[in-house]
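Hi,

Here is the structure I said I would pass on to you. Please open it alongside this note.

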Amino acid sequence: MHTAIFPSRCQGLVQTAHGSKGLFASSRRDVNARSAAWRRTRFSRQARDAQLAVHAAAAQPDGPPEQPAQPEQSEGQSQPGSVFGFSTAAGSALIAQAPLVLLLGGSGGGAGGFGSGGDGGGGSGPSGRVQEIFSIAEDEDDDDEEEDEEEEEEDEEEADGTDAEEEKGKRAATADTCMACWGLHRSRVDWSYGTAEPASGAFVCGEMVATGLPVGEGIPLQDDLFAGLHCQPGETFTRMDLSEDMKALSETGLFESVNARVEPPNKKGKSKVVFEFIEKKHPPLVTFNVEGATSLPPRIVRELQRELQEEKGQPFSIKTMAKIRNKIEGWYQSRGFGMCYIENWSGMPDGNVVAHVREGKTSKVNIVYMDEDGTPTKEAGKIPPSFVRKFVPIEEGTLYNMNDGRKTLQNVFALELFENVQILPRQNERDTSKIEVDVMVREKPTETADIEGEWGLAAGESGYPALVSLIPGGTIAYENRNFLGKVGQLGVSVNTKNFLAPADDLSFRLSYSQPFIFGLDDPKRTKLTASVFNGRKLCGVFTPGPNGSEVPPVWIDRQGAKVAVSEQYSRQSRGSLGLVLEEVAARDETGALCNRGMRSVGGPYNGQIVQDGPPTTLSDSGRDRMVFAQGSFVRDTTYLVNGGQVGARDIFTVDQGLGIGTQVPFFNRATAQLTRFLQLRTPGPASKSAPVTLVLHGRAGNAIGDLPAYDAFLLGGPHSVRGYNYGELATCRRFLEGAVEVRVPVKGQQVYAFYERGTDLGSSKDVRGNPTEYFRRVGAGSSLGAGLKVGALRAEMVRDNNAGKWDLFLQYGERF
């Protein structure tokens, strides 16, 4: 005699990763779908191919366990090896939710019987099949009502012809089966309606209660037993539904008998359904052994045998089974072997119990491509399966390990070639010890090209905005995510303000990155990146203060190369270390080299330009060359709650001059930024609104050594102290900033208020030429304001506390 036990402690066997939400995010095939399915009554047979199916063997006669054939069954029937009336294809859902679901049975009297007990031996039946015999005790009123209903049905069936006669025969056969006496488990339904039963025969369940359930670690709870039943709180059920539920509970083999009592409806028309369970107990344990556990250390079995000796003379019950199961499967689970479990039991009638363990070994690894809807497709992808297979550490012929599944997710997703990655292990239907693993991927476009056009606006003679030029500028970008078929990423971008004369201000960037430079076993997924760049930006150091007159701008051209190695510590935390070689040139509006800052004397329009400002570079020529090391570290534990950001983020950066270049530059420039997103009010379980959040932000920096003015810290601006222009407060070597912001969701949008302050700590005078003093800046300032965030756009009304005036600003992206 064998009794099947359903494995339910295999957590996380369906693993996913998504581009939009990072690793282990949700998708059409994620854990939420399986969790929802767990609460339904049926899974189709075809679901075996789409979901992880952990099969439980059906009851079999004494002898070696066999894999029975699975005949097609109708929706209303329970399949062999099913749990509470739904097929074993629901295994993935149970794995996601239930702490333990047992599918047990015994032999009663003859071979093939499902469980012992009741009045006499279990009826013999086909090997491996559950006896479909069930009994319901009903009062005379119920019988009379059924007879009336049958007479009405007969009249209707006679009018419907031959087809109706066949249907009537089917219903009569079903009724006869349900009314037959089942000797395996005594079950009874007590309808407390009397003669007031609804004519429709349907009832609304208001509450479900279980009595007599044993309690202990690894024993199924009430929610586990009720999850797959027809009868559910708030749902309508019929006599036949409850009969099937009773049968499903009885067929678990856990109980000597299962009774149900339906109480009269309350004022809201809902009935209370009470299930009464009597635990099934087998003869006392004499011996215990384990079969099929080739990887389980013998000491685990010996420890179990010693522990079970202490229970000698006591009945072999559910609690004993749970104890054995927790010990054996716990060893497998703690090591990641989620497809190893106790499949069935034998020898319980005579006390010589044997636990038969099924160890799932990987037999095949498939690379499955998905279309845009997440549906598997037979079409081959642009990235060959053999290439993806190199990044899958799952080995065929070994026990399937969930840790290897997680590592596969990380490796394949880190290639940045796929938008969606899923790992779907499933048992072979013919041999449940064989595990086929599907690595399901949805490709990103391997090559992309973008063209962005832009037109500049400036105030015209009338004071209204006007186009600077009819000829557009913009950016042309190209990216190849699998360059030369080695997962390398090649990116090229070119930017200019005039497509017809790009040589005037052409800037470009060419980069190449190669992941896994230390091999696929590297937990930090180390990546090497090399880039060549050329760019021009307006320097905020040489701009006027709030009370200063307009000055000619100074542009900083940078061209050079950078090589960096980066590491990934978690989904959002990372670090990098690189070496930068660059040439920096300061230029005026005409493109000529400019070695000093400038100002206008005699008026903004007809005044004379005087070049007597702070030095723009370390050298006197207006051009510097240097080599320096650059490092950064980001610790990011933020996450989203209904779209609102919560958590912490810390960012540290450092630039270290190596004494190579113009004027032998030795310097150190370091910054530290700490931000906390504190949740002040937690949204309700059914709320879709973001939480009320308090943001605390602090940032500090320090620089020593031969630091050029163009690399000094700028105080003021949308990412420093809001309400001021870039560098309007100070150019300094040390600074300190602080900000407080309160965010409140209003009708799906974010409304916030803030206060910010920054100071140069008196370090502006240490910058060569003291640009802060030359351009009449104050060195410190604060602001306060409020804003509305719609999507990525921020509209802010900010008060400049230095000048005491309010201004409206439109910004794009996040402040912190």
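Below is what turned up, grouped by kind of interaction.

First, the ground rules. This is a predicted model, so local features need pLDDT of at least 70 and side-chain atom pairs count only at pLDDT 80 or more, while totals for chains, interfaces and linings use all residues. Residues are numbered from 1 along each chain as its sequence is written, and side-chain values use heavy atoms, with hydrogens and water left out.

Salt bridges: the whole structure holds 34 of them (a side-chain nitrogen of Lys or Arg within 4 Å of a carboxyl oxygen of Asp or Glu). Asp711 and Arg558 form one, at 2.8 Å from N to O. That pair joins distant parts of the chain, 153 residues apart: Asp711 lies in the loop between β33 (692–705) and β34 (713–715), and Arg558 in strand β25 (strands are DSSP runs of E, at least two residues, numbered from the N terminus). Asp711 is buried at 15% relative accessibility, whereas Arg558 is partly exposed at 24% (buried means under 20% relative accessible area, exposed over 50%, partly exposed in between, with a 1.4 Å probe and protein chains only).

Strand β25 (residues 555–568) also carries Asp557, whose partner Arg587 is 30 residues away in strand β26 (residues 574–587). Asp557 is buried at 13%, and Arg587 is buried at 18%.

Arg722 has its charged end over the ring of Phe754, 3.7 Å from the ring centre (the rule asks for NZ of Lys or CZ of Arg within 6 Å of the ring centre and within 35 degrees of the ring normal).

Aromatics: there are 15 aromatic pairs (rings of Phe, Tyr and Trp, the last by its six-membered ring, with centres within 6.5 Å; planes under 30 degrees apart are stacked, over 60 edge-to-face, the rest tilted). Phe275 and Phe277 are stacked, 6.4 Å centre to centre with 20 degrees between the planes, and both residues are buried. Together with Phe226 and Phe255, these two make up one aromatic cluster. In Trp331 and Tyr332, the ring centres are 5.1 Å apart and the planes stand at 85 degrees, so this pair is edge-to-face.

Finally, Val290 in strand β10 (residues 287–291) touches Val301, Ile328, Ala355 and Val357, leaving aside neighbours within four places in sequence (contact means heavy atoms within 4.5 Å).

Enjoy exploring!

Notes:
Helices (H or I, at least four residues) and strands (E, at least two) are DSSP runs, numbered from the N terminus.
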